[in-house]
Amino acid sequence: MRVYLSRPDITEKEINAVTEVLRSPNLSLGPRLDEFEQAFCEYIGRKHAIAVNSGTSGLFLCLKALGIGPGDEVITTPFTFIATVNCIMMTGAKPVFVDINERTLNIDPDKIESAITENTKAIMPVEVFGNPADFDRIEVVAKKHNILFIEDCCEALGSALNGKKAGTFGQMSVFAFYPNKQMTTGEGGMILTDDKHLAELCASYRNQGRGSHSGWLGHERLGYNFRLSDINCALGIVQLSRIEEFKAKRQQVAGWYQQMLADISDLTILQTEDGCDMSWFVFVIRLPKKFTREHRDNVLGQLRERGIQASNYFPPVHLQPFIAEQFGFEKGDFPITESVSSRTIALPFYNNLPRDQVDLVCRQLKEIISKITP
Ligand SMILES: *Cc1c(COP(=O)(O)O)cnc(C)c1O
């Protein structure tokens with residue numbers, strides 16, 4: 001038997017919605033695009049939504065629209081998916097890392113101020129694994145220092161902090177719809193903002209620099225083709241309409257894991273903080289401090305041998321060779337990220353993961369851990 005790390009949740013409703021687009025003449029820039037964007041505005045509670053072909057494209061366009069480029073610094077976390085940092089580097093700006101809080105796994109609000117310089121233009125924090133903890137405090141620091149705030153909420157669709165939804169914290173925010181995210185469009189992303197000018201800029205960049213009135217062959221600026229087709233949008237409309245169902249299913253699977261793993265001493269499981277309404281992205285556990293990276297990799301290898309897919313979310317971004325080389329980062333620069341990263345395991349996690357498979361994963365994991373004595 002194989003236990004998969006992730007699976008999308010696609011029903012006949014999604015298949016029918018996609019088929020309907022395929023039977024129409026409008027495969028791109030058609031009615032499903034507007035509909036998908038409108039549905040997002042309503043769900044998140046923001047004025048403008050711009051659908052793009054990936055979360056990465058969305059984050060890059062936000063930085064471009066906010067005028068970030070060479071000579072600027074953007075503060076972010078080294079404990080994230082590489083795309084967060086790639087987008088900063090794609091603009092020519094410099095990523096400046098701030099270490100994480102060991103409990104929340106998000107950028108540590110207490111350490112942000114000491115990283116701000118006269119070149120700091122923006123902060124781009126990430127709700128890692130869907131956790132919005134501390135985003136209210138990051139917002140306060142950004143306002144105090146008058147720096148832009150771009151929310152990489154690619155892992156947090158459906159989360160909220162004290163009733164404030166993920167996607168409403170920064171001037172601009174971006175969700176992503178790769179098949180392992182809470183909802184999927186196959187590939188895709190969504191930019192959200194309340195600023196009309198920024199929204200128009202992103203819509204223009206997305207579509208070859210076309211202006212809203214310049215016609216098909218009038219190009220007002222250097223643009224890209226980051227459009228999301230109506231086929232993807234149709235899938236997204238149905239998936240978004242099911243988001244509360246998805247959240248509940250994921251909450252249930254997370255609950256099973258929490259219950260079944262509770263008796264392994266010293267194992268750290270992400271706890272939701274007061275005020276956090278967590279929309280789970282992946283389910284990670286952290287091995288005790290006495291375990292090294294080699295021990296962790298051994299556990300991962302043994303899980304895989306037993307047909308259980310598991311992963312090392314996330315290796316520290318500052319130690320990815322091309323980034324370490326370009327900016328001179330070394331081991332030890334962000335010790336909390338490195339320590340957490342070396343002991344973390346993402347377990348199989350998706351909407352319809354059956355309870356007996358969660359049980360199997362937990363039993364196997366317990367057996368493997370008990371045989372490894374660091
Ligand atoms: C998934 C993800 C992205 C990028 O999404 P893509 O759609 O794959 O480009 C960006 N940031 C974070 C934190 C992510 O998890």
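Is Arg46 buried or exposed? Arg46 is buried, with a relative accessible area of 9%. Buried here means under 20% relative accessible area, exposed means over 50%, and partly exposed lies in between, with a 1.4 Å probe and protein chains only.

A word on the model comes next. The model is predicted, so local features need pLDDT of at least 70 and side-chain atom pairs count only at pLDDT 80 or more, while totals for chains, interfaces and linings use all residues. Residues are numbered from 1 along each chain as its sequence is written, and side-chain values use heavy atoms, with hydrogens and water left out.

Back to Arg46. Arg46 sits in the loop between α2 (31-44) and β1 (48-52). Helices (H or I, at least four residues) and strands (E, at least two) are DSSP runs, numbered from the N terminus. The side chain of Arg46 makes a polar contact of 3.4 Å with the side chain of Asp194. A polar contact is a pair of N or O atoms within 3.5 Å; within protein, one must be able to donate a hydrogen and the other to accept it, and residues adjacent in sequence count only if both atoms are side-chain atoms.

Helix α2 also holds Phe40. At 0% relative accessibility, Phe40 is buried. Phe40 and Ile191 are 151 residues apart in sequence, yet their C-alpha atoms are 9.6 Å apart in space.

Now turn to the ligand. Around the ligand stand 15 residues. The closest are Gly55, Thr56, Asp152, Glu155 and Lys181. Helices α3 (55-65) and α4 (82-90) each supply at least two residues of the shell. By type, the shell divides into 6 nonpolar, 6 polar and 3 charged residues. In this count Ala, Val, Leu, Ile, Met, Phe, Trp, Tyr, Cys and Pro are nonpolar, Asp, Glu, Lys and Arg are charged, and the others, Gly among them, are polar.

Look at the atoms next. A backbone N or O atom of Gly55 lies 2.8 Å from a ligand oxygen atom. A side-chain N or O atom of Lys181 is 2.7 Å from an oxygen atom of the ligand. Asp152 has a side-chain N or O atom 2.9 Å from a nitrogen atom of the ligand. The ligand has 380 Å² of accessible area on its own, and the protein covers 92% of it. Accessible areas come from the Shrake-Rupley method with a 1.4 Å probe; for residues, only the protein chains shown count as cover.

The ligand takes the space of the second largest pocket. A pocket is found on a 1 Å grid over the protein atoms alone: it is an open set of points where a 1.4 Å probe fits, with protein on both sides within 12 Å along at least five of seven lines. A molecule sits in a pocket if more than half of its atoms lie within 2 Å of its grid points.

Some backbone angles deserve a look. Most residues other than glycine have a negative phi, and most peptide bonds are trans. Leu105 has a positive phi, near 70°. Leu105 is in the loop between β3 (94-97) and β4 (120-124). With a relative accessible area of 2%, Leu105 is buried. Asn162 also has a positive phi, near 50°. Asn162 lies in the loop between β6 (160-161) and β7 (164-165). Asn162 counts as exposed, at 56% relative accessibility. Where is the cis peptide bond? A cis peptide bond joins Tyr313 and Phe314, with omega about -15°. Phe314 is in the loop between α9 (293-305) and α10 (321-327).

Thr76 is in strand β2 (residues 73-76). Thr76 is buried, at 0% relative accessibility. The Thr76 side chain reaches the backbone oxygen of Met124 at 2.7 Å. Asp134 is in the loop between β4 and α5 (135-144). Asp134 is buried, with a relative accessible area of 13%. Val358 is in helix α12 (residues 355-371). Val358 counts as buried, at 0% relative accessibility. Val358 and Tyr224 are 134 residues apart in sequence, and 43 Å separates their C-alpha atoms.

Terms used:
Near = heavy atom within 4 Å. 1 Å grid on protein atoms, 1.4 Å probe; cavity = no way out; pocket = protein on both sides within 12 Å on 5 of 7 lines; lining within 4 Å.
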